[in-house]
Amino acid sequence: VRPVVNDRAEMATLSGLFRTVWPQNTIARPECLDWLYFQNPRGAIIGFNAWHGSTLAAHYVVAPIAAEYRGREVPAALSLNTATHPNYQRRGLFVRLAEATYARARELGAHHVIGVANDNSTPGCVRNLKFQNVGPLQVRVGIGLPSAVADTTPPGTSWRRPWSAEDLAWRLKNPGRR
């Protein structure tokens, strides 16, 4: 188990793992990984890879974000990508990588980690990683560009993700989406 590094060869290997696990997903494109992992204005991703010799067996990262928790802004991390090669599944690699990632995120000052898991992953995140399930993701649809200054947070909300103009400009530059 080793930390993820910003290295062209490692990113090419990671891209190959993603294409194996998610053949249709655009995240595997090198320019998408570079944007998501290393151009975030809040800092580079934090994460670990599990290697078996020269084979990348599993990968997990979180991305630094700003969060507002109980009225104060704190550094946090958003659970991003996890992938385990089919030949290495069911060996506990996800939990091992997640625990190493969360420990490193704490060392770097993250107050907490949040994630949006699918129906298959939610039980494992709650059981194995001690995530608190606060409910389904709320989605809002609008017309036009989002505003970094608009705040539609209901009163009494204990957590929200504030978007600075810099955060929003970066997010809208996603090379994998229009």
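The exercises below treat salt bridges in a predicted model.

Residues are numbered from 1 along each chain as its sequence is written. In this predicted model, local features need pLDDT of at least 70 and side-chain atom pairs count only at pLDDT 80 or more, while totals for chains, interfaces and linings use all residues, and side-chain values use heavy atoms, without hydrogens and water.

**Exercise 1.** State how many salt bridges there are, then describe the pair formed by glutamate 31 and arginine 29.

Solution. Step 1: a salt bridge is a side-chain nitrogen of Lys or Arg within 4 Å of a carboxyl oxygen of Asp or Glu. Step 2: that rule gives five salt bridges. Step 3: in the pair of glutamate 31 and arginine 29, the closest N and O atoms are 2.6 Å apart. Step 4: glutamate 31 has a relative accessible area of 38% and is partly exposed (buried means under 20%, exposed over 50%, partly exposed in between, with a 1.4 Å probe and protein chains only). Arginine 29, at 32%, is also partly exposed.

**Exercise 2.** Work out which residues are linked with Arg42 in a network of salt bridges.

Solution. Step 1: arginine 42 forms a salt bridge with glutamate 73, at 4.0 Å from N to O. Glutamate 73 lies in strand β4 and arginine 42 in the loop between α2 and β2, so this pair ties together parts 31 residues apart in sequence (helices are DSSP runs of H or I, at least four residues, and strands of E, at least two, numbered from the N terminus). Step 2: arginine 42 also meets aspartate 167 in a salt bridge, at 2.9 Å from N to O. Aspartate 167 belongs to helix α5 (residues 165–171), so here the parts tied together are 125 residues apart in sequence. Step 3: aspartate 167 is buried at 6% relative accessible area, whereas arginine 42 is partly exposed at 37%. Step 4: the network therefore links Arg42, Glu73 and Asp167.
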